[in-house]
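Let's take a walk through this structure, one stop at a time.

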Amino acid sequence: MSESLAKGKSDRITNENDDDEPATKKSKSEDSASKPTTTKSHQNHLMYIENPVSVKEFITKKLGCEDGTDSMHFTYEETLYQPMEKAPSVSRDISTKYLAPTLDGVTLSAGGSDCSGYAVVICDGDDKGDGGGLPKKERLFEALGLTGAVMEERKISMDELEIEAKDFKNFPFFQYTEDTCDLDDIEDEDIKAHQKITDVLVQHLTHHFKFDFGWPEIEDDPYAEPIAAAPILCGGRASDGNIVAVVAMRLYA
């Protein structure tokens, strides 16, 4: 992935109803004003994480969402995530005392690969979102520090992002369901490790969800594929209204 692509403004994610405007040279002040801004209730818009690194390093290196080619890439905010010690106290305690220890040393399945999972907090206490307390997908995309995504020269639209209500109580693997994961093929040790993670999500959080980059439905491009490797979030709301989640990666091989 080239540095210019990672920084390219032309790859920012767009909504379908955005108006196309001719490119014009912007002044420094106009360019600054055009960068992603936060709402008043989300001044701390990026997620909180232990040992914060830059958005690009986390997405591409720690999660592994990079295929080594220019055909698939993200664009990012050029900044660091927020340190966990500054997160709201209730959500921080759930993340650091309960969720993070269960993730330590556990390898998560990413579909076509394996990955690590990280406990994060996302400020969302002033915005309960839609769907009975589910966070908004736009809020989660913003918290990840992403500004755009491209797959095979096609810009990923906001419509392709998915937020799905989940019930983590009935299956040990929070990323999957019984229909998509056969426990007979998995070692008992792995099942127990994942069950501990899922138990934390069930016991300490409500309004459980999974956030992912879904399959596109494009009438004039029926063979369009979703971005191959992408971050996912599985979590819920803490009692203070903010979000605690596991951020990991999924790969469509």
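Two residues count as being in contact when they have heavy atoms within 4.5 Å of each other. Keep in mind as we go that this is a predicted model.

Leaving aside neighbours within four places in sequence, H208 is in contact with L134, E164, A165, K166, F168, L201, V202, G235 and G236. Is H208 buried or exposed? It's buried, with a relative accessible area of 12%.

You'll find G235 in strand β11, which covers residues 229–237. G235 counts as buried because its relative accessible area is 0%, and buried means under 20%. Skipping residues up to four places away in sequence, G235 touches F168, L201, L205, H207, H208, F209, V244 and A245. Now look over at V200: V200 and G235 are 35 residues apart in sequence, while their C-alpha atoms are 9.6 Å apart in space.

Strand β11 also leads us to a helix. Helix α3 runs through residues 55–62, and V55, F58, I59 and T60 are buried there. What covers these buried residues? Part of the cover comes from β11, and β1 (48–49), β2 (72–76), β6 (118–122), β7 (146–151) and β12 (243–251) are also included. In an α-helix there are 3.6 residues a turn, so residues three or four places apart point the same way.

Finally, step just past the end of α3 to G64, which takes a positive phi of about 85 degrees.

Definitions and conventions. Residues numbered from 1 in each chain as written. Predicted model: local features only at pLDDT ≥ 70, side-chain atom pairs only at ≥ 80, totals over all residues. Heavy atoms only, no water. Helix = DSSP H or I, 4+ residues; strand = E, 2+ residues; numbered from the N terminus. Buried < 20%, exposed > 50% of the residue type's maximum accessible area, 1.4 Å probe, protein only.
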